[in-house]
Amino acid sequence: MPKRSNVYRCKSCGYEMVGFLGKCPQCNEFGTMEIVQTDILKENKHKLESIPLKLIDADATNSERIKTNISEFDRVMGGGIVRDSVTILTAKPGAGKSTLLLQVANILASQGLKVLYASGEESSSQIKSRALRILDNINENLFVLSDNRLDEVIETVNKLDAQFVIVDSIQTFTIEEALPSRAGSPTQTMGCAYELVKLAKESKNPRVVFIVGQMTKEDELAGVRALEHLVDCVLMIEGESGEELRSLISTKNRYGSTGEIGFFSMTEKGMISIDNPSEFFMTKRSEDDNVSGSALTVVKEGTRPIILEIESLVSHSFTPYPSRISDTLKRDHLNTLISVLEQRGGINLYDKNVVIKTTGGIKLKDQASNLATIISIASSCYDVPINTDTVFLADVGLTGELKKIPSLEPRLREAERMGIKKAYVADEVKLHTKFSNLNVIKRKSLKDVLIDFFK
């Protein structure tokens, strides 16, 4: 019988120490230290193979991709799911985490894979009700287990020989060797995560594991940071519960591009992939139906360029401090662009309210959208429409000069593909591609662009 030596671990940050203190020395939180019997944990751990291999002899077959045929999901995953990978998916409540994974699970089950959906939050009947609502048919290779004991989940995986495992959500599960820690504590969460990683990485029988993680009030993955370092991919779903658009974002991916984004439409039939986002983020108008306050740009979301419509509304203010309103642009950034337009463009907005939004609700984080944002404000102020066959692709400096942007040529190719005829860019750019149906217009300053449209 091994001697028990008690180690205390902080529930907030995961810091470990021998001996009890009321305050964690690392994060300075009070009352967060809990006991962990480390010798018992070590004794019960299953040993992994530690035989070194020459890298040239290592088996690479587990890195083959499993396609789900959900194009936006496969894009974010880097071209499909790697067979021995562990992925965490997190989002706000109601964003569609369980819905998306249930759709993926049923597709993989229809491809002949045995899939286990283990839920510590919902009963089997609740999962069945959602499946009947969003799936056309439920494949017989899809199994569900309503149990929050991870030991039972792992035993069931081995009995079924399941190749795809979903754990929803990890903060509700416990593992026996980490007791008496409660579910959701760093000890239980990390203990469960370690076991799931071992389950996925078995050399003789690799599996795909998806973990649903809860989100904090700060819109971050709940739990210690070590959880993100442990897994292969971290995905996040963004989107307000009352809106149709959902964005699936890769914040970590060992097998693909970090920052890749996929777009979905949340419907009664589940998450529907938006295969041509440029059509979704711009308003279709005829040539005779142009409106003031609208300008187009091409933003880069992940590795993909997307045409985006920026709308502005400028109205007279009857208060000493006019409003600057935008859900898609930071207020300081908006104020900076307005100041540049006033000082370098000669348009007075000191007594005007300015409201900015984007079609589809995409956040404006790309500097390439700065010129289009300013032009949309000027268009609304002068009440002069901008043709929908024109895009604006440049940053604007505080001096009013147009600045070049990264990945300009892929953006121009996307604009040409969508039927755009004109593109305004900075004078300093050098293009290596000739465009047959797109006129690339170079301008040195913001004032030069304003003269083309409003003078």
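These exercises walk through a predicted model of one protein chain.

**Exercise 1. Describe the overall build of the protein chain.**

Solution. Start with the secondary structure. The chain holds 12 helices and 23 strands. Next, take the extent. The C-alpha trace spans about 90 × 55 × 50 Å along its principal axes. Then look at burial. Of the 455 residues, 50% are buried.

**Exercise 2. Which share of the contacts between residues at least 6 apart in sequence joins residues at least 24 apart?**

Solution. Take the contacts between residues at least 6 apart in sequence. Of these, 65% link residues at least 24 apart.

**Exercise 3. Describe the surface and the charges.**

Solution. The accessible surface is about 22400 Å². Carbon and sulfur atoms account for 49% of that surface. Now count charges. There are 58 positive and 61 negative side chains. The centres of the two sets lie 3 Å apart.

**Exercise 4. How are helices α9 and α12 arranged: parallel or perpendicular?**

Solution. Locate them: α9 covers residues 331–345, and α12 covers residues 446–454. Their axes are 10 Å apart, at an angle of about 80°. Angles of 65 to 115 degrees count as roughly perpendicular. So α9 and α12 are roughly perpendicular to each other. Val-340, Leu-341, Arg-344 and Gly-345 of α9 make the contact with Leu-446, Lys-447 and Leu-450 of α12.

**Exercise 5. Work out the arrangement of α3 and α4.**

Solution. Helix α3 is residues 97–110; helix α4 is residues 124–134. Their axes come within 11 Å and cross at roughly 70°. Therefore α3 is roughly perpendicular to α4. On the α3 side, Ser-98, Thr-99, Leu-102 and Gln-103 take part. They meet Ile-127, Arg-130, Ala-131 and Ile-134 in α4.

Notes. Residues numbered from 1 in each chain as written. Heavy atoms only, no water. Helix = DSSP H or I, 4+ residues; strand = E, 2+ residues; numbered from the N terminus. Buried < 20%, exposed > 50% of the residue type's maximum accessible area, 1.4 Å probe, protein only. Contact = heavy atoms within 4.5 Å. Areas by Shrake-Rupley, 256 points an atom, 1.4 Å probe, with all protein chains shown as cover. Lys, Arg positive; Asp, Glu negative; His and termini not counted. Charge placed at Lys NZ, Arg CZ, Asp CG, Glu CD. Axes fitted to C-alpha atoms, helices over the stretch in contact; angles between N-to-C directions. Parallel < 35°, antiparallel > 145°, perpendicular 65-115°, else oblique.
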